[in-house]
Amino acid sequence: METTNTTPQHSEQENLRRQKRLDIINLGIDPYPAAQFHVNATSTDILENFERDETNYKDITIAGRLMTVRDMGKACFASLQDASGRIQIYIRRDDICPGEDKSLYDVVFKKLTDIGDIVGITGYVFKTKVGEISIHATSFKMLSKSLRPLPVVKVDESGASHDIVTDPEFRYRQRYVDLIINPSVKETFRKRTQLHNTIRTFLNNHDLLEVDTPVLQSIPGGAAARPFITHHNTLDVPFYLRIANELYLKRLIVGGFDGVYEFSRNFRNEGMDRTHNPEFTVLEFYVAYKDYEWMMKTCESMIEQIAIDLHGKTEVPVGETTINFAAPFRRVTIYDAIKEHTGVDVSQMNEEQLFEACKSLHVPVDKTMGHGKLIDQIFGEKCEGKYIQPTFIIDYPIEMSPLTKKHRSKPGLVERFELMVNGKEIANAYSELNDPIDQRERFEEQVKLMERGDDEAMFIDHDFLRALEYGMPPTSGIGIGIDRLTMLMTNNVSIQDVLFFPQMRPEKQ
């Protein structure tokens, strides 16, 4: 016989549940049985299809978590929540205990079973007198005894939840509980997966190949960002968690693939806020013999399809705004955007003039910032937040875009666009630079910025330059922030709401 494991460190409720676990064991019942429990129905399937074909639901087995119990003596109504939803069950003592021994109902169910326990039910589906589709239980089995009580969330007759836990510290740190008690959270992550699947289908239909590239990299390339640094003991060399997968995907284009894509888990050792997390997901894809004009059309077509797949239409509610993802999207040059929102024409300014313009516009700057970073700072501070409906900001200064091909008709600019939606960047794309001499010179300019103190400047990747010297076809590539896109498509204001387990400070013990 197992002895008690209650402690003063646990709450009264937790100690009580631990004692119930022991009581179940001492009755000869395993509260965590190993054998497979054969489920043949789900709550959603029953609720959606029972009235159309009642014959299929005369012998069903379902499993899930007890969420409410309404005791009526020798019978009770309870609600059971499985992965798909919630359904009412009816348990009567004589049905689950047909013999003289009634302890399964009187003791195990009524006294030792708690809200939050995971149970298995066999029975048949029926309609109550008030018309609610329910399961009449003929057997009951404990599958997992819960040792911690769930937060109390009330559900009214219409199915609406009340007193939902909204504390982000609790919700993000204990996401497993958040998913149990807040059904809308689970729906957010289902839609995130649906979004991934739409993208995969779209790109597969364009004959792109899904690939994997290294997360541990000897050179952190493909973006202007501060990396996380680690060390490989066997090789005795530093490694970096990838900040982007761009340079590896371009290597594959050099190698002869005409189109590749990857859902890339990236890591940047930078600030955290509602739209930034140090670990995040980016979709990048690269297609040979295309340019940024083709990529704009492809990008807007794919995002329009995502909206339709998730919402059945192109209009998506985001806060108090409705965003229309119907293609085509508006296009504005970065210089025109700055002029429109500040009244200042920066197109012909040198670095010194830009520095003074930033000061007059009250845009925070420092001496480490070069020409491109100053323009980026003005746009970020004064313009980015103005673009609510999908807008392509195009034709950036060459200094801002070290991996981008020079503009075919506008000296000093490159063929690049960023997609702005709801005041934030969602995508970044180029006509990719494939001239290895030009690329080397751009990297060398980045080194000069690094020497000035810019900790986001790019490293020189000599192996990537060697790959370009073998010849890369004209190519267009794009990176799309999957977390931010999910925020838009699920009407969430914080990136933490679309990440199962966002980074947080260590929990105080």
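1. A salt bridge is taken here as a side-chain nitrogen of Lys or Arg within 4 Å of a carboxyl oxygen of Asp or Glu. Under this criterion, the side chains of Asp 95 and Arg 92 form a salt bridge, at 3.0 Å from N to O. The structure holds 35 salt bridges.

2. On the basis of the note: the model is predicted, so that local features need pLDDT of at least 70 and side-chain atom pairs count only at pLDDT 80 or more, while totals for chains, interfaces and linings use all residues. Residues are numbered from 1 along each chain as its sequence is written, and side-chain values use heavy atoms, with hydrogens and water left out.

3. Accessibility of the first pair may be stated next. Buried denotes under 20% relative accessible area, exposed over 50%, and partly exposed the range in between (1.4 Å probe, protein chains only). Asp 95 is partly exposed because its relative accessible area is 22%. Arg 92, with a relative accessible area of 37%, is likewise partly exposed.

4. A salt bridge also joins the side chains of Lys 110 and Asp 71, at 3.2 Å from N to O. This pair links distant parts of the chain, 39 residues apart: Lys 110 lies in the loop between helix H4 (103-109) and strand S4 (118-127), and Asp 71 in strand S1 (residues 60-71). Helices (H or I, at least four residues) and strands (E, at least two) are DSSP runs, numbered from the N terminus. Lys 110 counts as partly exposed because its relative accessibility is 35%; Asp 71, at 49%, also counts as partly exposed.

5. The side chains of Glu 279 and Arg 265 meet in a salt bridge of 3.1 Å, N to O. Here, too, distant parts of the chain are linked: Glu 279 belongs to strand S13 (residues 279-288) and Arg 265 to strand S12 (residues 259-267), 14 residues apart. Arg 265 has a relative accessible area of 31% and is therefore partly exposed.

6. Salt bridges also occur as a network, which links Lys 20, Asp 114, Asp 117 and Lys 145.

7. The final point concerns strand pairing, for which DSSP must find at least two bridges between two strands. Three strands make up an open sheet in the order S9-S11-S10, with antiparallel pairing. Strand S9 (216-217) and strand S10 (229-232) are the edge strands, each pairing on one side only. Between S10 and strand S11 (residues 237-241), the antiparallel pairing extends over four bridges. Ile 229 has Tyr 240 as its bridge partner in S11.
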